[in-house]
Structures are given as structure tokens and as C-alpha cells.
Amino acid sequence: MQKLGDLKLPNFFNYPPYFTLQPVKDTREKQVQLWKELILDYCKTHKIFIIDLQQDFPLFSNSEIERSLSHEAREAFLSALVVEGRAEWMDKNHRKCLVLWHRIQEWADIISRFVKDNGLEDSVTTIEELRTGVESRGTELHGMDRTVLMRALKQLENKGKLAIFKGTSADDEGVKFSL
């Protein structure tokens with residue numbers, strides 16, 4: 001089985017027609033579903049949060065069969081993720097897409113679990129420590145996109161589970177958990 005980094009690629013990745021938008025409705029729906037799953041798996045495996053359609057993205061080409069997705073196909077598959085709430089266009093021209101391999105609520109749940117597992121209830125930490133600190137190593141939070149992290153933290157703040165403290169710079173913004 002072919003691999004791309006740490007991800008084992010599904011069989012359809014070696015089937016040339018799946019790199020061309022299919023005209024038959026049922027076939028296209030299956031194609032879109034397969035690509036949505038693959039995009040989410042790839043982004044999660046490689047901790048990728050943003051896909052820029054103006055740049056090469058390894059998943060969208062297969063050199064073994066000499067095929068690449070067209071810009072139209074890339075946009076169609078990402079737009080299908082947007083419709084499901086698994087991605088968001090970052091600009092009106094659909095050039096950059098924020099991929100949510102976990103929905104914001106799921107990220108909030110992961111943060112809550114991390115706080116409880118690490119005994120951080122009723123403590124203060126910086127936002128950068130959550131993303132890059134020693135405690136977060138080996139967890140999904142490590143290296144997390146700041147925009148996604150802030151949205152998940154805001155959701156927890158709105159539920160009264162934490163307070164965000166503004167610092168003089170982004171590096172010293174803090175969070176006090178009260179789970």
C-alpha cells in the first residue's frame with residue numbers, strides 16, 4: 001500500500017479517474033466522500049490546519065500515476081468539507097482553507113481533558129504553553145493552529161470554564177482554567 005508521510009493511502013488514490021471530477025452524480029458523490037475523508041485523515045496525521053490552493057499540496061498529486069487534481073476539483077472537495085462544518089474558507093476568493101479535522105467543540109473537549117489529565121484546574125498557563133509547552137508534547141494540542149486554539153478557548157470561556165487574560169503580546173496571553 002502506498003504511503004504519503006505517515007498516512008497509508010486508500011486504493012482509490014492510484015485510480016486515475018478519481019483525480020478528475022466525475023460527471024455522473026452518484027459517482028461524484030462517492031468521489032467527494034472519499035476525498036473528504038482522505039483530506040481530513042491527511043491533515044490530522046500531519047497536523048495541517050491550512051491548505052493554500054495557490055501552493056502545491058502533496059495530497060493533490062500522485063506522481064506514480066501522473067495525475068493531479070485540478071483547481072476546480074480541489075475547491076470542490078474543500079467546499080464539501082466547508083458545507084459539513086469540517087473546514088472554513090479563510091478568504092472570499094477561496095484561496096486558503098482552514099481544515100477542522102476536529103470541530104471546534106471537539107477541540108474544546110480535548111483541551112478540557114488535557115487540563116484535567118494534567119492537573120491544571122484552577123491554574124494559569126499561557127496560550128503558547130498549551131500549543132508548544134512540555135506538557136502538550138505528544139498530544140494533539142502540541143503545534144495546534146493558534147486560530148483554532150483561540151476559538152476553542154473562547155467556547156470554553158463562554159461556558160464559564162476558563163478566563164482568557166490579554167498580555168502585552170500574543171506570547172504572554174494567559175488562561176485560567178476553572179473546570
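The structure holds 10 salt bridges. The model is predicted.

Trainee: Which residue forms a salt bridge with Arg151?

Mentor: Look at helix α5 (residues 146-158), where Arg151 sits. Its partner is in strand β6 (residues 87-89), 63 residues apart from it. The closest N and O atoms of the pair are 2.7 Å apart. The partner is Glu88.

Trainee: Is Glu88 buried or partly exposed?

Mentor: Buried means under 20% relative accessible area, and exposed means over 50%. Glu88 has 29% relative accessibility, so Glu88 counts as partly exposed.

Trainee: What separates Arg131 and Glu128 along helix α4?

Mentor: The two form a salt bridge, with the closest N and O atoms 3.0 Å apart. An α-helix has 3.6 residues a turn, so residues three or four places apart point the same way. Arg131 and Glu128 are 3 residues apart in helix α4 (residues 127-132), so their separation is about one helical turn.

Trainee: Which helix does Glu128 reach through its salt bridge with Arg146?

Mentor: The side chains of Arg146 and Glu128 meet at 2.9 Å, N to O. Glu128 lies in helix α4, so this pair ties together parts that are 18 residues apart in sequence. Arg146 lies in helix α5.

Trainee: Which residues are linked with Glu128 in a network of salt bridges?

Mentor: Glu128 bridges to Arg131. Glu128 also bridges to Arg146. The residues linked with Glu128 in the network are Arg131, Arg146, Lys166 and Glu173.

Trainee: How far is Asp52 from the nearest side chain of opposite charge?

Mentor: Asp52 is in strand β3 (residues 50-52). Asp52 touches Arg95 and Lys96. A salt bridge needs the nitrogen within 4 Å of the carboxyl oxygen. Asp52 is buried yet has no salt bridge, as the nearest side chain of opposite charge, Lys96, is away by 4.3 Å.

Trainee: Which backbone nitrogen lies 2.8 Å from a polar atom of the Asp52 side chain?

Mentor: Asp52 has no salt bridge. Its side chain does have a polar atom 2.8 Å from a backbone nitrogen, that of Gln54.

Trainee: What span does α1 reach from its first C-alpha to its last?

Mentor: α1 has 22 residues. At 1.5 Å a residue, 32 Å is expected. The span is close to that, at 31 Å.

Key: Residues are numbered from 1 along each chain as its sequence is written. This is a predicted model: local features need pLDDT of at least 70, side-chain atom pairs count only at pLDDT 80 or more; totals for chains, interfaces and linings use all residues. Side-chain values use heavy atoms; hydrogens and water are left out. Helices (H or I, at least four residues) and strands (E, at least two) are DSSP runs, numbered from the N terminus. Buried means under 20% relative accessible area, exposed over 50%, partly exposed in between (1.4 Å probe, protein chains only). Lys and Arg count as positive and Asp and Glu as negative; His and the chain ends are not counted. A polar contact is a pair of N or O atoms within 3.5 Å; within protein, one must be able to donate a hydrogen and the other to accept it, and residues adjacent in sequence count only if both atoms are side-chain atoms. Contact means heavy atoms within 4.5 Å. The expected span of a helix is 1.5 Å times one less than its number of residues.
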